[in-house]
Amino acid sequence: MRYISTRGAAPPLDFEQVTLAGLAPDGGLYLPERWPSFSADAIAALAGLSYVDTAVAVMKPFVGDALDEDALRALCTQAYGRFSHAAVTPLVQLDERQWLLELFHGPTLAFKDVALQLLGLLFERFLSNRDTHLTIVGATSGDTGSAAIDAIAGRAKVDIFMLHPEGRVSDVQRRQMTTVFAPNVHNIAIDGSFDDAQALVKAMFADRDFAGRFALSAVNSINWARLMAQVVYYFYAAVRLGAPGRPVAFSVPTGNFGDVFAGYVAAKMGLPIARLIVATNVNDILYRALSSGDYSTGEVTATATPSMDIQVSSNFERLLFDLGGRDGQAMAAQMHGFEATKAMRLTDGQLGGAAGLFASARIDADDMALAMRWASEAAGQVIDPHSAVGLAAARAADLDPAVPLVTLATAHSAKFRDAVERATGNRPALPARVGDLFARAERCVSLPADFGAVTAHIAAHATPR
Ligand SMILES: *Cc1c(COP(=O)(O)O)cnc(C)c1O
């Protein structure tokens with residue numbers, strides 16, 4: 001399998017190269033040259049398979065020759081062996097047609113573990129064949145940082161430096177990062193906002209000398225391998241609910257459009273998906289784009305769902321490229337226009353193409369809290385605010401009642417205890433697997449939001465390529 005850039009001017013890569021790469025050199029995002037196709041028989045044959053065997057079957061065409069099937073299975077077994085539920089991503093029934101797909105049984109209690117646990121192992125495996133050392137640098141508002149650190153801790157030939165805004169992540173999120181004492185893990189608390197931390201990371205990647213010297217790499221959801229790993233649970237859930245014989249709909253709490261793009265990929269591969277509901281909070285750029293073609297940014301409003309407080313959704317470019325007939329030149333022109341003006345219109349082709357599969361909903365704080373209470377009172381399920389945004393959108397959706405509707409539950413309720421307590425009156429307990437989080441020592445340096453100070457710290461602790 002070869003991977004091409006959405007902006008049409010970067011050389012194609014194989015799976016190993018695309019896993020280690022971040023953004024394409026032409027500024028685009030990589031995606032497969034063509035979608036693999038699963039027949040109804042091939043989908044039916046997934047019935048009854050374990051999560052790991054489903055993962056191997058679904059990911060094999062994307063991995064190509066980069067790993068043989070046994071090696072891929074060994075990595076999946078290791079990655080998903082760290083989940084606390086035998087089904088890895090279990091389905092839970094809410095009522096006669098609503099389901100939750102629980103994606104939070106990994107080590108850091110959010111769905112990002114599903115992709116990052118595998119990505120950490122893929123990095124180590126591919127770097128072992130090479131004479132290079134990688135330095136992962138990232139900024140986090142919480143969930144990505146903890147999941148990436150857990151996945152990279154102790155892996156050979158890779159260091160991770162994670163910047164978070166000091167005092168602006170939840171105590172659970174901070175401790176999940178700062179209590180990891182592996183020598184290759186470096187936490188930096190920045191005196192500033194998430195945007196300040198993100199701007200520092202962007203400046204480091206733009207500094208060619210610095211980026212080259214330490215072989216900087218990223219683990220955010222622009223990485224293709226992360227999206228690939230997320231395609232698996234759409235197959236796993238749909239097959240359990242009757243696919244390929246019966247179509248299934250999904251509602252996805254969305255920020256950077258990574259998770260829901262994985263659903264689009266599953267549909268492209270032949271999985272019968274009746275609808276993908278893109279659920280946003282009041283930061284609603286995707287809702288506006290999909291309902292009226294207006295993709296324009298505004299100020300970010302802080303909500304109880306911080307992982308969705310995003311105004312520019314990186315992975316949306318992948319969808320627009322695919323819906324627009326895969327014309328790299330046209331995509332580059334459209335994105336350059338957006339980067340200059342912070343606004344663009346979807347073409348009729350893009351809007352019409354999206355309408356065939358996607359619906360979208362904008363969920364405010366009241367709707368979110370109502371969904372949390374309904375889940376608790378009517379179905380006995382305590383859910384987190386992000387999952388509640390998805391559930392609110394699912395309950396409002398206008399769909400054939402015969403179609404099962406699955407909301408992706410993206411975080412464990414204990415990760416956002418304060419918001420859950422406010423909405424439901426119950427304070428969720430931390431699950432046993434992270435039970436001593438508050439007894440562990442923390443390690444973290446505090447630095448000003450200053451490029452010189454942060455790069456000097458990284459240079460002093462990273463391994464040159
Ligand atoms: C990251 C995240 C999301 C948003 O996922 P995207 O792939 O960015 O759309 C939703 N919920 C939680 C809990 C997250 O951590």
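Residues are numbered from 1 along each chain as its sequence is written, and side-chain values use heavy atoms, with hydrogens and water left out. In this predicted model, local features need pLDDT of at least 70 and side-chain atom pairs count only at pLDDT 80 or more, while totals for chains, interfaces and linings use all residues.

**Exercise 1. Two helix pairs**

State at what angle H6 and H7 pack, and at what angle H3 and H4 pack.

Solution. 
- Step 1. Axes are lines fitted to C-alpha atoms, for helices over the stretch in contact, and angles run from 0 to 180 degrees between N-to-C directions.
- Step 2. Helix H6 (residues 143–152) packs with helix H7 (residues 171–178) at an angle of about 25°, and their axes are 8 Å apart. H6 and H7 are therefore roughly parallel to each other, given that angles under 35 degrees count as roughly parallel, over 145 as roughly antiparallel, 65 to 115 as roughly perpendicular and the rest as oblique.
- Step 3. The crossing in which H6 passes H7 is left-handed. A crossing is left-handed if the near helix is turned anticlockwise from the far one by less than a right angle, and right-handed if clockwise.
- Step 4. Asp143, Gly145, Ser146 and Ile149 of H6 make the contact with Gln173, Gln176 and Met177 of H7, where contact means heavy atoms within 4.5 Å.
- Step 5. For helix H3 (residues 51–63) and helix H4 (residues 69–80), the angle is about 130° and the axes are 9 Å apart. H3 is therefore oblique to H4.
- Step 6. H3 passes H4 in a right-handed crossing. Among the residues that meet are Val52, Val56 and Met59 in H3 and Leu72, Cys76 and Tyr80 in H4.
- Step 7. The contact of H3 with H4 has 9 nonpolar, 1 polar and 4 charged residues. In this classification, Ala, Val, Leu, Ile, Met, Phe, Trp, Tyr, Cys and Pro count as nonpolar, Asp, Glu, Lys and Arg as charged, and the others, Gly among them, as polar.

**Exercise 2. Backbone geometry**

Identify which residues a cis peptide bond joins, and decide whether leucine 109 is buried or exposed.

Solution. 
- Step 1. Most residues other than glycine have a negative phi, and most peptide bonds are trans.
- Step 2. Alanine 243 and proline 244 are joined by a cis peptide bond, with omega about 5°. Proline 244 is found in the loop between H10 and strand E9 (248–253).
- Step 3. Leucine 109, which is not a glycine, has a positive phi of about 70°. Leucine 109 lies in the loop between strand E4 (98–102) and helix H5 (112–128), and its relative accessible area of 0% makes it buried.
- Step 4. Lysine 157 has a positive phi near 65°. This lysine 157 lies in the loop between H6 and strand E6 (158–165) and counts as partly exposed at 31% relative accessibility.

**Exercise 3. Surroundings of two residues**

Find where phenylalanine 316 and methionine 204 are placed.

Solution. 
- Step 1. Phenylalanine 316 is found in helix H13 (residues 316–323) and is buried, with a relative accessible area of 1%.
- Step 2. Beyond its neighbours within four places in sequence, phenylalanine 316 is in contact with residues including Phe257, Leu286 and Leu346.
- Step 3. Methionine 204 is in helix H8 (residues 194–206) and is buried, with a relative accessible area of 0%.
- Step 4. The C-alpha atoms of methionine 204 and tyrosine 51 are separated by 38 Å.

Notes. Helices (H or I, at least four residues) and strands (E, at least two) are DSSP runs, numbered from the N terminus. Buried means under 20% relative accessible area, exposed over 50%, partly exposed in between (1.4 Å probe, protein chains only).
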